[in-house]
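Please look over the sequence and the model before reading on.

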Amino acid sequence: MRLRNVPGSRDMIAESRFTIKNETEKKGKWNEVFGNDHPIHIEIGMGKGQFIMTLAAQNPDINYVGIEKYSSVLVRALEKQEEEDLPNLFFIRMEAENIADVFAEEEVDRIYLNFSDPWPKDRHAKRRLTSAAFLDRYENILKPEGHVIFKTDNRDLFDFSLEQVELAPHWKLLNHTFDLHHSEYAEGNVMTEYETRFVEKGNAICRMEIMQIR
Ligand code: SAH
């Protein structure tokens, strides 16, 4: 993500009714935040939010939480949400490493990862959102039957992710494709900002769906 500083974005995030402040206090209480017991789906690294906002509009009976570490990007999603006012969508500006401080055990029904940062250097492998370290964090918060769905055009990151799932004792691969847009999973696929850009460039999009083994 290009890091163009958007002046005032921190203040906008602090003041918005669509962002969650003191997110660790919501742990185990997300049904109170939404005012219902609907399933909770989260996107980690949501960027400007096109994907999660489309899903939230399509599925009013699912609650969505978008997580993004950079204010300058998150603020774009906030602007759209000010217009759309979707009651089933909130945002948190945070580093995903701390995700297990924000959701209780089995509080989350699904996790989306879209075009996550590749962190190509070996010494940064732990920062990849599909690394064993992150799978452990997801295991904590995800319901046993919950899925993680990951899309990327980065074949190295995708191969690494397949390998991490294979090595992880508590995860299994449910399905995967190296060319989403020419696969059975194309129908109903909701595009992200990055996906639109990469598809226009002619890149194939990889997608995997994984689940825990308990
Ligand atoms: N999902 C969007 C954006 C992809 S770029 C899309 O597909 O269009 C990856 C985004 O993830 C960036 O906005 C980056 O800031 C965010 N991100 C990466 N690592 C993160 C982390 N550890 N915690 C929170 N956000 C993260």
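**Reading the model**

Nine aromatic pairs are found in the structure. Rings of Phe, Tyr and Trp (for Trp, its six-membered ring) pair if their centres lie within 6.5 Å; planes under 30 degrees apart count as stacked, over 60 as edge-to-face and the rest as tilted. The model is a predicted one, in which local features need pLDDT of at least 70, side-chain atom pairs count only at pLDDT 80 or more, and totals for chains, interfaces and linings use all residues. Residues are numbered from 1 along each chain as its sequence is written, and side-chain values use heavy atoms, with hydrogens and water left out.

A pair of aromatic rings is described by two values, the distance of the centres and the angle of the planes. How far apart are the ring centres of Phe51 and Tyr112? They are 4.9 Å apart, and the planes stand at 75°, so this pair is edge-to-face. Phe51 belongs to helix α3 (residues 50-58) and Tyr112 to strand β4, so the pair ties together parts that are 61 residues apart in sequence. Helices (H or I, at least four residues) and strands (E, at least two) are DSSP runs, numbered from the N terminus. Phe51 is buried, with a relative accessible area of 5%, and Tyr112 is also buried, at 9%. Here buried means under 20% relative accessible area, exposed over 50%, and partly exposed in between (1.4 Å probe, protein chains only).

Tyr194 and Phe198 form another edge-to-face pair, with 5.8 Å from centre to centre and 80° between the planes. These two residues are four apart in helix α7 (residues 193-200), so about one helical turn separates them. Both Tyr194 and Phe198 are buried. Elsewhere, ring pairs link Trp30, Phe34, Phe90 and Phe103 into a cluster.

Next comes strand β7. In β7 (residues 206-212), seven of the seven residues are buried. In a regular strand the side chains alternate between the two faces of the sheet. Cys206, Met208, Ile210 and Gln212 point one way from β7, while Arg207, Glu209 and Met211 point the other way. Strand β5 (residues 142-152) runs antiparallel to β7 and is joined to β7 by six bridges; two strands pair if DSSP finds at least two bridges between them. Thr152 stands opposite Cys206 of β7. Strand β6 (residues 171-177) also pairs with β7 in the antiparallel sense, over six bridges, and Leu173 stands opposite Ile210.

Now turn to the ligand. A backbone N or O atom of Tyr194 lies 2.9 Å from a ligand oxygen atom.

Two loop residues remain. Most residues other than glycine have a negative phi. Asp85 has a positive phi, near 55°, and sits in the loop between α4 (71-84) and β3 (89-93). Phe115 also has a positive phi, near 50°, and is found in the loop between β4 (108-114) and α5 (132-141). Is each residue buried or partly exposed? Asp85 is partly exposed, at 38% relative accessibility, whereas Phe115 is buried, at 7%.

Technical notes
A polar contact is a pair of N or O atoms within 3.5 Å; within protein, one must be able to donate a hydrogen and the other to accept it, and residues adjacent in sequence count only if both atoms are side-chain atoms.
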